Amino acid sequence: MGLSLYQKIYQRHRVAALNAGTDLLYIDRHFIHEVTSPQAFAGLTQAQRAVRRPDLTFAAMDHNVSTQKRTLDAAGETSRIQLEALAKNCAEHRIPILDLTHPDQGIVHVIGPELGLTLPGMTIVCGDSHTSTHGAFGALAFGIGTSEVEHVLATQTLPQQPAKSLQIRVDGTLPAQVSAKDLALTIIGQLGTAGGTGYVVEFCGSAIRALSMEGRMTLCNMSIELGAKAGLIAPDEVTFAYLQDKPHAPKGAEWQQALADWQSLFSDEDAVFDLQISMDASQVRPHLTWGTTPEQVMPIDASVPAPDSFSERSKQEAALRAQHYMGLQPGQPLLGLPVDVVFIGSCTNSRIEDLRAAAAMIKARKVAAGVRALVVPGSGRVKRQAEAEGLAAQFLAAGFEWREPGCSMCLGMNDDRLEAGQRCAATSNRNFEGRQGRGGRTHLVSPAMAAAAAIAGHFVDISQENWA
Amino acid sequence: MSNLFASGYICPLDKNNVDTDQIIPKQFLSSIERFGFEDALFYDWRYLADGSPNPDFVLNQPKYQGANILLSRRNFGCGSSREHAPWALQQYGFGVIIAESFADIFASNCLNNGILLIRLPADTLNCLFVQAEQRSAIWIIDLEQQRLFSDDGQSMSFDIDADARERLLNRLDFICCSEQLSDRISHFEQHRSAQQPWLQGC
Ligand code: SF4
């Protein structure tokens with residue numbers, strides 16, 4: 001019987017069997033950041049343990065940095081303490097770090113791939129659920145908690161149990177103006193936010209092959225919103241072309257050797273999956289969420305569902321509550337619904353292709369009066385490229401704010417937050433109650449949908465004239 | 001008594017998809033400590049905008065004061081990987097959470113903090129919700145036997161992964177166990193360097 005890509009990577013990293021169901025897996029790359037690592041370092045110190053492989057560990061400052069000013073205290077005193085603790089812990093344990101002063105600083109899930117720290121076939125962990133992003137390269141990448149961060153720091157391994165496997169095949173062509181974000185939201189809408197719980201999802205099919213690395217990262221990033229342990233896409237020519245020449249990617253003879261190895265990273269024809277699902281890419285429409293979980297989502301031209309249209313009582317209640325929180329009525333169309341804030345950024349959609357898609361909506365128009373629109377590039381590299389391509393100038397001329405890299409309004413740990421009642425079109429990944437600020441109302445959308453909403457002042461169907 | 005994992009009253013939180021942003025909102029994540037999160041638990045639901053307790057929220061109702069078993073529905077703990085969520089639950093007093101299902105990362109985090117997660121089918125949960133609304137019974141959790149008992153004579157069994165059960169019963173130090181395999185890890189590292197020389201560090 002053949003093996004799935006997930007099984008191949010899992011088996012390759014097995015150091016030992018701990019007991020009947022649990023293996024000790026080796027971790028090739030451990031990303032850390034300021035929010036979920038301080039207690040892990042404190043635990044190490046307390047137990048007088050060293051970091052086993054500082055050279056396989058890499059630190060980023062991203063979650064609570066100010067995206068307006070590049071000083072450690074710019075987002076407040078508690079943020080400063082946390083950022084300083086990270087710098088100190090990294091210095092003490094000789095862990096490489098991209099701190100706030102580094103020109104390449106950015107969101108950990110943006111910088112890992114663009115620096116070539118993320119490579120096919122790796123096991124990658126980080127104390128952050130969106131570590132699933134790195135699965136776009138055919139790496140087994142998943143989020144962990146702080147106790148596990150401490151475990152990986154101490155041993156470079158993690159006890160794991162094999163997950164179930166889910167194959168999502170997407171064939172056909174995505175329509176114009178429909179992006180990987182819309183595909184991700186469509187899948188989450190169909191399967192629900194717990195649909196992937198216990199599974200590693202492998203995305204395959206012609207529509208997946210046709211996605212750029214940026215699109216694949218968006219899709220794998222959102223696989224955690226499906227509840228999946230990880231998202232995976234087998235590496236191919238698109239992956240290799242992206243990685244070639246990245247600073248930390250292998251060079252010369254090692255590149256050739258790595259390439260030969262990476263070409264064996266795919267699910268065998270006769271691999272067995274616990275569950276298989278197929279979708280037609282041509283049916284995907286621009287999507288947006290109407291509720292407070294990513295599964296409460298619909299095409300832009302649909303209307304807010306009536307709670308009693310759900311068969312389960314718990315879903316009816318959840319819909320009722322979400323609609324109350326979001327200030328929406330059953331049957332209401334969201335086309336034309338005014339927005340107060342537009343946020344383009346986050347590890348889901350802050351890469352160069354996302355910013356190109358957003359800027360393409362501007363067409364010499366201005367952000368609508370009364371709308372505050374932010375563009376927060378994912379990293380220093382993305383920012384410089386967007387400036388070189390003239391995208392930043394287009395955003396600024398249209399009235400968007402052009403920020404320094406960081407997580408920013410995705411979770412509002414810094415000084416970028418929604419006020420109660422404010423409605424936001426956001427390219428991030430979570431529309432939970434209060435996620436962007438207490439009482440804030442988040443609608444998740446693609447970068448193009450967000451930019452168009454900023455210009456129009458309300459949600460529009462970008463597959464219609466005017467926008468296409 | 002060693003086989004009794006916990007005993008106490010049940011507090012019902014009748015919602016699906018309770019996410020870790022609700023369990024502990026972001027403003028409490030900027031601490032570098034592992035303690036002091038009990039007041040942050042369910043902050044936005046538990047307190048009104050002016051900071052006073054929200055009388056409608058279940059944790060604030062007099063009959064649930066002192067409850068140490070939390071009851072919820074499907075996909076509890078979804079969203080962010082923040083371990084602050086189990087810390088806050090535990091520091092508030094919840095040592096056991098019963099639900100239909102849990103998100104994966106949250107479940108690992110609970111296990112690493114010694115919190116017992118019990119998965120029960122929806123119809124069994126419905127009965128427990130009805131009873132918890134009355135706060136009538138004290139429940140005793142026997143992990144060794146994998147059973148829940150109430151002081152008014154009810155009892156039900158639950159399934160749990162053998163590895164999780166073992167770790168909870170023996171309170172094993174998670175890192176120590178792996179450290180004992182240090183030679184195996186070194187051996188793996190040598191093999192890895194030979195086979196995949198491009199995976200060297202930076
Ligand atoms: S951008 Fe948002 S989701 Fe991504 S790592 Fe930062 S806070 Fe988490």
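In which strand of chain A is the place of Gln160(A)? The first legend takes that up, and the other views follow; please keep in mind throughout that this is a predicted model.

**View 1. Gln160(A) and its surroundings.** Gln160(A) has its place in strand β8 of chain A, which covers residues 157-160. With a relative accessible area of 8%, Gln160(A) is buried, because buried means under 20%. Leaving out residues up to four places away in sequence, Gln160(A) touches Tyr10(A), Gly21(A), Thr22(A), Asp23(A), Leu25(A), Phe142(A) and Lys229(A). If you are setting up a selection for this view, those are the partners to display alongside Gln160(A).

**View 2. Three cysteines with a "binding site" annotation.** The feature "binding site" is placed by UniProt, in an unreviewed entry, at Cys347(A), Cys407(A) and Cys410(A).

**View 3. A closer look at Cys347(A).** Cys347(A) sits in the loop of chain A between β15 (341-344) and α12 (352-359). Its relative accessibility is 7%, so Cys347(A) counts as buried. Apart from neighbours within four places in sequence, Cys347(A) is in contact with Ile107(A), His109(A), Val110(A), His130(A), Asn221(A) and Asn429(A).

**View 4. A closer look at Cys410(A).** Here the loop is the one between β17 (401-402) and β18 (423-426) of chain A, where Cys410(A) is found. Cys410(A) counts as buried, at 7% relative accessibility. Its contacts, not counting residues up to four places away in sequence, are Phe343(A), Ser346(A), Ser428(A), Asn429(A), Arg435(A) and Gln436(A).

**View 5. Helices α2(A) and α3(A) packed together.** Two packed helices are described by the angle between their axes and the distance between the axes. For α2 (residues 38-46) and α3 (residues 77-93) of chain A, the angle is about 40° and the axes are 10 Å apart. α2(A) and α3(A) are therefore oblique to each other, and their crossing is left-handed. At the meeting of the helices, Pro38(A), Phe41(A) and Leu44(A) come from α2(A), while Gln82(A), Asn89(A) and His93(A) come from α3(A).

**View 6. The buried residues of α2(A).** Within α2(A), the residues Pro38(A), Gln39(A), Ala40(A), Phe41(A), Gly43(A) and Leu44(A) are buried. In chain A they pack against β3 (29-33), α3 and α5 (146-155), and in chain B against α3 (84-92). After α2(A) comes Gln48(A), with a positive phi near 55°.

**View 7. Two loop residues with positive phi.** Most residues other than glycine have a negative phi. Gln177(A) has a positive phi near 70° and lies in the loop between β9 (164-171) and α6 (180-191) of chain A. Its relative accessible area is 23%, and Gln177(A) is partly exposed. Lys363(A) has a positive phi near 45° and is placed in the loop between α12 and β16 (372-375) of chain A. Lys363(A) counts as partly exposed as well, at 43% relative accessibility.

Key
Residues are numbered from 1 along each chain as its sequence is written. Chains are lettered from A and ligands numbered from 1 in the order in which they are written. This is a predicted model: local features need pLDDT of at least 70, side-chain atom pairs count only at pLDDT 80 or more; totals for chains, interfaces and linings use all residues. Side-chain values use heavy atoms; hydrogens and water are left out. UniProt positions are given in the numbering used here, feature names are shortened, and annotations may be inferred rather than shown by experiment. Helices (H or I, at least four residues) and strands (E, at least two) are DSSP runs, numbered from the N terminus. Buried means under 20% relative accessible area, exposed over 50%, partly exposed in between (1.4 Å probe, protein chains only). Contact means heavy atoms within 4.5 Å. Axes are lines fitted to C-alpha atoms, for helices over the stretch in contact, and angles run from 0 to 180 degrees between N-to-C directions. Angles under 35 degrees count as roughly parallel, over 145 as roughly antiparallel, 65 to 115 as roughly perpendicular and the rest as oblique. A crossing is left-handed if the near helix is turned anticlockwise from the far one by less than a right angle, and right-handed if clockwise.
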